[in-house]
Amino acid sequence: MTSTPAAASATDPHANDAAPYGGGDPYADYRGGDFPFTSLVDLADRRFGAGVIAANDEFFAERENLLKPGPAVFDPERFGHKGKIMDGWETRRRRGADGAHPFPTDDEHDWALIRLAAPGVVRGVIVDTAHFRGNYPQQITVEATALPGSPSPADLLADDVKWEELVPRTPVRGHAANGFEVTVQRRFTHLRLKQHPDGGVARLRVYGEVVPDPAWLDVLGTVDLASVMHGGVVEDASDRFYSSPAQIIRPDLSRKMDDGWENRRRRVRDTNDWVRFRLAAQGEIRAVEIDTAYLKGNAAGWAALYGCDAETADPADDASWFEILPQTALQPDTPHRFALPRPVTATHVRLDVFPDGGVARMRLHGDFTDEGRAGLVRRFDALGG
């Protein structure tokens with residue numbers, strides 16, 4: 001595990017504080033970070049179904065703010081009856097037992113329970129304390145567990161539930177993105193964020209890989225074989241200039257122009273942009289959707305789709321790829337639906353756009369082959385711990 005540097009110590013308990021807000025851009029002195037795991041799907045994305053289902057205290061700011069999309073907003077003039085209104089989760093100040101012991105004990109802490117959008121392997125966590133400059137937690141802990149169904153807070157807090165540390169108790173910085181790489185090779189469904197002893201956290205991001213339950217996918221019938229919520233992954237792309245191609249395989253609908261994949265303007269003739277995807281498992285594709293929602297003057301002009309079956313061929317070999325959808329004209333701000341004349345078996349697909357331009361979403365409707373489903377079952381069971 002690696003983390004953002006945190007230098008606070010008993011001799012300098014305020015070493016991780018940020019300077020008080022002095023006016024102007026509140027993010028001007030924000031301490032960010034470059035974390036490689038952020039290219040993965042955010043398993044705690046509220047738009048995918050994640051949620052903060054309980055917290056022991058949310059006196060100053062609601063727990064639900066933790067999973068809001070986008071950066072935290074700071075309004076220096078916004079106050080309410082309980083004090084400064086913050087765009088995050090903030091608890092009251094803990095106190096000791098009496099005047100002779102004014103500080104809380106070392107094991108006292110606040111906590112929040114987070115339901116992930118889908119079972120998954122966590123590769124990295126960001127505990128973002130944006131705008132919490134002197135009121136952030138001194139330390140944090142992140143724990144995880146896996147329970148079936150839709151457990152209640154009481155179920156999760158039961159004595160027989162086993163929690164595993166993803167991030168051990170670690171100091172964090174105020175007004176900063178505190179990033180932690182996670183190396184635990186298990187699938188989880190819920191997290192517990194602890195702050196020691198109290199304070200505020202603006203956002204929690206949990207990056208990783210979806211490990212879908214094969215039994216659930218079975219009852220769905222036809223599924224989107226490329227969806228990140230079913231285990232689809234972006235392997236590579238020609239261009240990521242304006243936005244991530246991983247947004248193409250999100251399960252929701254695009255809501256604005258930068259909510260899809262947009263590349264820069266291509267100037268070299270006889271070239272084109274592309275994205276390569278690994279499907280959740282080997283499957284038979286029966287229909288394709290390509291949506292250019294909100295992309296009006298910058299949508300891709302044409303698109304083509306190619307496939308490869310890694311069970312019988314090498315995706316690194318150009319000769320292994322075959323046409324699924326020929327080069328087809330696209331309309332701006334429009335969903336396009338294509339029923340294939342016959343099912344196509346593949347483990348990978350490549351979406352080519354000509355010559356450049358944006359795509360909001362792509363769906364590949366089909367079902368898993370027997371071998372594909374067997375692979376899903378093996379992975380799901382192997383990561384169960």
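Predicted model: local features only at pLDDT ≥ 70, side-chain atom pairs only at ≥ 80, totals over all residues.
I take buried to mean under 20% relative accessible area, exposed to mean over 50%, and partly exposed to mean in between, with a 1.4 Å probe and protein chains only. Residues are numbered from 1 along each chain as its sequence is written, and side-chain values use heavy atoms, with hydrogens and water left out.

**Entry 1: A303**

I looked up A303 and found that it counts as buried, at 1% relative accessibility. A303 belongs to strand 16 (residues 302-308); helices (H or I, at least four residues) and strands (E, at least two) are DSSP runs, numbered from the N terminus. I then listed its contacts (heavy atoms within 4.5 Å). Not counting residues up to four places away in sequence, A303 touches I290, P326, Q327, T328, L330, L351, D352, V353 and F354. For P326, which is 23 residues from A303 along the chain, I noted a C-alpha separation of 7.7 Å.

**Entry 2: domains**

I recorded domain 1 (41-210) and domain 2 (214-376), with bounds that come from an automatic or database domain assignment. Their centres, taken over C-alpha atoms, are separated by 34 Å. In the contact list, six residues of domain 1 meet eight residues of domain 2.

**Entry 3: nonpolar cores**

I define a nonpolar core as a set of buried Ala, Val, Leu, Ile, Met, Phe, Trp, Tyr and Cys residues joined through side-chain atoms within 4.5 Å. The largest has 78 residues, and I114, I285 and M362 have the most contacts inside it. Strand 15 (residues 273-291) gives the most to this core, namely eight residues. Because domain 1 and domain 2 both give residues to this core, it lies between them. Which residues does I114 contact, leaving aside its neighbours within four places in sequence? I found A44, G51, V52, L67, T189, H190, L191, L193 and L204. There is also a second, separate core of six residues, including A54, W111, L113 and V161. As background, nonpolar side chains tend to be buried together in soluble globular proteins.

**Entry 4: a nonpolar surface patch**

I next looked up a nonpolar patch on the surface, formed by W216, V219 and L220, with about 330 Å² of accessible area together. Patches are made of residues with over 30% relative accessible area and no salt bridge; like charges are joined within 9 Å, nonpolar side chains (Val, Leu, Ile, Met, Phe, Trp, Tyr) within 5 Å. Areas come from the Shrake-Rupley method with a 1.4 Å probe, and for residues only the protein chains shown count as cover. V219 is in helix 2 (residues 214-220) and is exposed, at a relative accessible area of 59%.

**Entry 5: salt bridges**

I counted a salt bridge where a side-chain nitrogen of Lys or Arg is within 4 Å of a carboxyl oxygen of Asp or Glu. The structure holds 31 of these salt bridges.

D29 pairs with R133, and their closest N and O atoms are 2.7 Å apart. D29 lies in the segment before strand 1 (41-42) and R133 in the loop between strand 6 (110-128) and strand 7 (139-145), so this pair ties together parts that are 104 residues apart in sequence. D29 is partly exposed at 32%, whereas R133 is buried at 9%.

R63 and E58 form another salt bridge (2.7 Å, N to O). R63 is buried at 17%, and E58 is partly exposed at 27%.

For E289 and R337 I noted a salt bridge at 3.4 Å, N to O. E289 is in strand 15 and R337 in strand 18 (residues 335-354), so the pair ties together parts that are 48 residues apart in sequence. R337 is exposed, at 61% relative accessibility. Salt bridges that share partners join R250, D252, R255, D259 and R361 into one network.

**Entry 6: backbone geometry**

Most residues other than glycine have a negative phi, and most peptide bonds are trans. I therefore looked for departures from this background.

The peptide bond joining H196 and P197 is cis, with omega about -10 degrees; P197 is in the loop between strand 10 (187-196) and strand 11 (200-201). The bond from F354 to P355 is also cis, with omega near -20 degrees. P355 is in the loop between strand 18 and strand 19 (361-368).

H131 has a positive phi, near 75 degrees. H131 lies in the loop between strand 6 and strand 7 and is buried at 6% relative accessibility. D270 has a positive phi near 65 degrees. D270 lies in the loop between strand 14 (233-237) and strand 15 and is exposed, with a relative accessible area of 83%.
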